[in-house]
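Me: Could you walk me through this model, starting with its pockets and then moving on to the sheet, the rings and the backbone?

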Amino acid sequence: MSGPILQVALPSPLRRLFDYRSPAGVRVEDLCVGLRVRVPFGQRQMVGVIAGLSDTTEVPAAKLKRALELIDLQPLLPDTLWQLIRWTASYYQHGLGDTLGCALPTLLRQGEPAIARQDLLWQLLPGAYPEHPAVSRAAKQKQAVQVLAKHPHGLSHALISQWGLTRDSLEALERKGLAQRIHQSPHHTAEPLPLLSDIPLKANAEQQAALDAIAGKGGFVTWLLDGVTGSGKTEVYLQAIERCLVAGRQALVLIPEIGLTPQTMERFQKRFSIPVVILHSGLNDRERLDAWVAARDGEAGIIIGTRSAIFTPLARPGLIIVDEEHDLSFKQQEGLRYNARDLAVYRAHLENTPIILGSATPSLESLYNVRRGRYEHLRLTERAGNAKPPGFRCIDIRSRKLEGGLCRPMIEAIGEHLKQGNQVLVFINRRGFAPTLMCHDCGWIAECTRCDARMTVHQNPPRLHCHHCDTQRPQERECPKCLGHDLRLLGAGTERTEEHLAQCFPDFPVLRIDRESMARKEAMQGMLKRIQSGAPCLLVGTQMLAKGHHFPDVTLVAILDADGGLFSADFRGPERMSQLITQVAGRAGRAEKPGQVLIQTHMAEHPLLINLTEQGYGAIAELELDARGKAGLPPFSFIALLRAEANNASIANEFLESACTLAENLSDQLGLTLDMLGPVPSPMERRAGRYRAQLLVQASQRSTLHQLLHHWLPQLESHPLGRKVRWSIDVDPLDMF
């Protein structure tokens, strides 16, 4: 057998590599790990990545297929990123091929060359001038020479019509030897640009201390930048990035949501004149590859992206920043269930670069790492400038009438702030018009036919919508149970609150920000521009409003329902509720005007609400950490969640019962101490027509948990019931549902 055997990682859920012969005509010395290769797979062709080279294979020679072609001449990824992807696949117990599929842009997975789109530019050649004899009698060509003279580094072909030029006139100049067309990367700069385009703000004492601490230590250090809302964490990021760029390095900035991208890009592009690229799911395939290549080749000094941007190659890595590090959006909830924040820390270790995790409400995991000395703690306790923290007040709504989700004292407070020319943010974490449609005669409730959930009523367009499986149907006009016509809407969502506020305050615009209103591309950017204008208005929205936005003219934050997290079945419920309230409240009083936060609640005497409003998030976090320690819950222990779903509830439970028995037997054989909780039905047992159940595995040591998973999952993959259910493993789950 000539040549080594290629061990290829293919985009498949199977946790294995696939063996192939080398492509015909390819020299042995041209083969190495990290090259893409096109191979036959069943009745189709696939693009994979060489993950290993071997002299032997278990595949019979007659069945061993030959790879079709080698796509790359050099490995696609730098060594440190390749190590990160391998570690990710191992830690999260996922196939290497599927992990690579998550890490690479779509066009690279399809076999496209790893090069950026080349912009076509038109440029004058030496000796060309408007009065040149060759163009003196050709008005359009003369005009083209005049325009090109104003763009010595080239005029993009896409812009020629805006300058009144035609392709024919430019091609005529090319034939006469007066102009040429050139191709270059969209992020290429013809000459070095000044680093800054705006003067940095003067850092206050706490910001300067943080910057000095970060600069004082070289190499890998994890900094937890724990700053109250409005304390100027972004300014610390900007000045830390400036130092990184001065040293000739690149900075990678992770943000939790696409909605924050326009605001973040604006801040960074205003400060820096060098190329800044973005990476998120809202880009088309070509834009994503262009940004990926610009980062890999070092053309972009700053890379801003959401979760998957952690896999972006950097030519000169120098700094990683994770903003709002506590946010659940950094955890992928399907397929490869990785946590981008945790991968960012491991990548910084591999790259030997510092990493800054920033938040006003740090996760308990990060605070625990500070306790253990793994992370360095930096605190920003004061708001930037003259801004003061907002004042809190709980409004007890027991026995009070609610209209559109608002009680009378809340409506009066909103009116006062609007009269003073300010903006008001109304937070209600429920989309739609009303959470429930009920028959007043018999008690029938509109439920989803595919989920254990109630349908949400929407007004625009009118419909019933399940937010869990996306099932939609027209709203009933009569009760299907008793045929009565007294159907009532119970509760309020963003649409109903928006409608009621518009009736109460007709002279002020009401801007709704939720998934439906922001579905259109550029919708969020347009909405933010209206808010930043400073005109008095009402903002109504879900937690999309809570994530890092800077609204200097908001002086009142109204939280309509604070009780949802007080009695959560998830042990992380109190932490998440405290984070959400603190983040939403932080939008108030961020400039010169004082801020106020009003919280509607049925539980005004609840200890958690009292501690949060009087002592702040830090006190809650310390109490929760102590409680978790006594209960042996994460981060003091380590868990993995085995989920199973099937068309029949008994099959899912039978699979998990068998999986539990296998795990217990393995634990005995390997001498491992683990706890198994379940199997039990998921909190929402039926979703999208399938029945779901789960089994929780818990260990006091991370190595113990992974030792079990390493031996357990291959047995589950070959289990007879494994083909009758859809199952997945979630290591370090954040969503227990």
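This is a predicted model: local features need pLDDT of at least 70, side-chain atom pairs count only at pLDDT 80 or more; totals for chains, interfaces and linings use all residues.

Me: Which helix gives the largest share of the lining of the second largest pocket?

Reply: Residues are numbered from 1 along each chain as its sequence is written, and side-chain values use heavy atoms, with hydrogens and water left out. Helices (H or I, at least four residues) and strands (E, at least two) are DSSP runs, numbered from the N terminus. The largest share of this lining, 8 residues, comes from H8.

Me: Which residues lie closest to the centre of the second largest pocket?

Reply: A pocket here is an open set of points on a 1 Å grid over the protein atoms alone, where a 1.4 Å probe fits, with protein on both sides within 12 Å along at least five of seven lines; lining residues have an atom within 4 Å of a point. The space in this pocket is about 1200 Å³, a volume being the space filled by probe spheres set on the points, which are joined across faces, edges and corners. Of the 44 lining residues, the closest to the centre are Thr234, Gln263, Arg267, His550 and Arg590.

Me: How many charged residues are in that lining?

Reply: Ala, Val, Leu, Ile, Met, Phe, Trp, Tyr, Cys and Pro count as nonpolar, Asp, Glu, Lys and Arg as charged, and the others, Gly among them, as polar. The lining of the second largest pocket has 14 nonpolar and 16 polar residues, and its charged residues number 14.

Me: Which strands stand at the edges of the open sheet of 5 strands?

Reply: Two strands pair if DSSP finds at least two bridges between them. The order in this sheet is E2-E1-E4-E3-E5, with antiparallel pairing; inside it, E1 (residues 5–9) and E4 (residues 44–54) pair over 5 bridges.

Me: What is the angle between the planes of Phe18 and Phe41?

Reply: Rings of Phe, Tyr and Trp (its six-membered ring) pair if their centres lie within 6.5 Å; planes under 30 degrees apart count as stacked, over 60 as edge-to-face and the rest as tilted. The count comes to 8 aromatic pairs. Phe18 and Phe41 are 5.3 Å apart centre to centre and edge-to-face, with an angle of 90°.

Me: Is Phe18 buried or exposed?

Reply: Buried means under 20% relative accessible area, exposed over 50%, and partly exposed in between (1.4 Å probe, protein chains only). Phe18 sits in strand E2, 23 residues from Phe41 in strand E3. Phe41, at 23%, is partly exposed, whereas Phe18, at 8%, is buried.

Me: Where does Pro679, joined to Gly678 by a cis peptide bond, lie?

Reply: Omega of the bond between Gly678 and Pro679 is about 5°. Another cis peptide bond joins Pro634 and Pro635, with omega about 10°, and Pro635 lies in the loop between H17 and E27. Pro679, by contrast, is found in strand E28.

Me: Which element has the highest mean pLDDT?

Reply: pLDDT is the predictor's confidence in each residue, from 0 to 100. The chain has a mean of 89, and 96% of its residues reach 70 or more. Strand E7 has the lowest mean among the elements, 73, and the highest, 98, belongs to helix H10.
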